[in-house]
Amino acid sequence: MTTNTRTIQKPKPNFETKSWMFMRYSAILLIPLVFGHLILQDVIVGVHRIDLDYVAIRWASIGWRIYDALLLAFAFAHGVNGIRQVLNDFIQSDRGRKIMHWGLFLLWLIVTAIGAIALIGGVRPIS
Amino acid sequence: MSNLKTTMTGYASYRGREGHYSFLLHRITGLGTALFLIIHILDTSFVYFFPDLYQHAINLYRSTLFGIAEVGLVFCVFFHGVNGLRVAFFDLIAPRLWSVPKQRFSTKITLLITLLMWIPASAIMLYNMLYHNFGWFGG
């Protein structure tokens with residue numbers, strides 16, 4: 001008796017597959033980054049001790065700037081892609097999705113650019 | 001609009017118990033965190049663009065209303081993080097373990113870990129708020 005075998009080629013990952021993978025891999029990275037940020041800034045330091053000088057002292061260290069750059073890059077992309085995945089449940093037409101995807105992409109680009117400029121430019125003195 | 005109604009009805013009437021509730025909670029906490037994150041990136045960028053206004057933004061965050069919202073935000077982030085780690089573990093490392101009993105058990109563990117992290121964190125944040133905003137504990 002012969003056995004018939006059939007090989008199925010694994011399909012090339014499309015955009016949605018990559019986005020699905022990105023959410024999970026970025027999640028693993030974001031656990032220490034975001035939990036650390038929250039426990040430090042909200043719980044240990046607290047908002048009552050945060051002001052312009054605090055940010056200036058913090059950003060004087062390149063390590064904290066890199067930490068914040070990673071947060072900006074990964075947390076916000078993860079967040080905007082999450083909003084996209086939720087809205088895909090509600091918007092089913094190709095046209096609607098196209099408008100929504102471009103709108104969210106622009107939102108991501110503009111907000112990330114604003115954050116990156118501030119992060120690179122640093123704290124400016126009060127005039 | 002019919003799409004919205006169909007999706008919302010599905011969200012509300014699907015009876016998947018623990019897995020369903022953690023799906024809904026994951027979405028709500030994720031959306032809440034993402035919306036806050038947009039505001040938070042913009043307010044922090046004030047240190048470069050409008051340093052004179054940064055203290056005004058911080059004063060808003062120090063108010064009692066935002067202090068309570070902050071406690072809620074920390075719950076959102078902790079739950080979304082722990083539950084996200086659970087999903088990533090099953091999807092990437094052990095997809096064979098996706099089963100109803102394991103999901104029911106692991107969602108309960110997720111909630112337990114979240115509460116174990118959130119309760120002490122919110123106690124410290126509430127202490128800080130009562131100290132600074134209401135003068136308790138000698139503040």
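## What covers helix α6 of chain B

Which elements cover the buried residues of α6(B)? In this predicted model, the cover includes α1 (15-45) of chain A. It also includes two helices of chain B, α2 (17-44) and α5 (64-93).

The residues of α6(B) that are buried are S106(B), T107(B), T110(B), T114(B), A121(B), S122(B), M125(B), N128(B) and M129(B). An α-helix has 3.6 residues a turn, so residues three or four places apart point the same way.

## Length and end of α6(B)

Helix α6 of chain B runs over residues 100-134, which makes 35 residues. From its first C-alpha to its last it reaches 48 Å. That is close to the 51 Å expected at 1.5 Å a residue.

Just after this helix comes G135(B), with a positive phi of about 70°. F137(B) is placed in the segment after α6 of chain B. F137(B) also has a positive phi, of about 50°, although it is not a glycine.

## A positive phi within a helix

Most residues other than glycine have a negative phi. R17(B) has a positive one, near 50°, and is a residue other than glycine. Where does R17(B) lie? R17(B) is part of helix α2 of chain B, one of the helices that cover the buried residues of α6(B). R17(B) has a relative accessibility of 43% and therefore counts as partly exposed, since that class lies between 20% and 50%.

## Helices α1 and α3 of chain A

α1(A), which is also part of the cover of α6(B), packs against helix α3 of chain A (residues 62-90). The angle between α1(A) and α3(A) is about 135°, and their axes are 8 Å apart. The two helices are therefore oblique to each other. Their crossing is left-handed.

What classes of residue make up the contact of α1(A) with α3(A)? The contact has 18 nonpolar, 9 polar and 2 charged residues.

## H37(A)

H37(A) is placed in helix α1 of chain A. Is H37(A) buried or exposed? Its relative accessible area is 18%, so H37(A) is buried, the limit being under 20%.

Technical notes
Residues numbered from 1 in each chain as written. Chains lettered and ligands numbered in written order. Predicted model: local features only at pLDDT ≥ 70, side-chain atom pairs only at ≥ 80, totals over all residues. Heavy atoms only, no water. Helix = DSSP H or I, 4+ residues; strand = E, 2+ residues; numbered from the N terminus. Expected span 1.5 Å × (residues − 1). Buried < 20%, exposed > 50% of the residue type's maximum accessible area, 1.4 Å probe, protein only. Contact = heavy atoms within 4.5 Å. Axes fitted to C-alpha atoms, helices over the stretch in contact; angles between N-to-C directions. Parallel < 35°, antiparallel > 145°, perpendicular 65-115°, else oblique. Left-handed = near helix turned anticlockwise from the far one by under 90°. Nonpolar A, V, L, I, M, F, W, Y, C, P; charged D, E, K, R; others polar.
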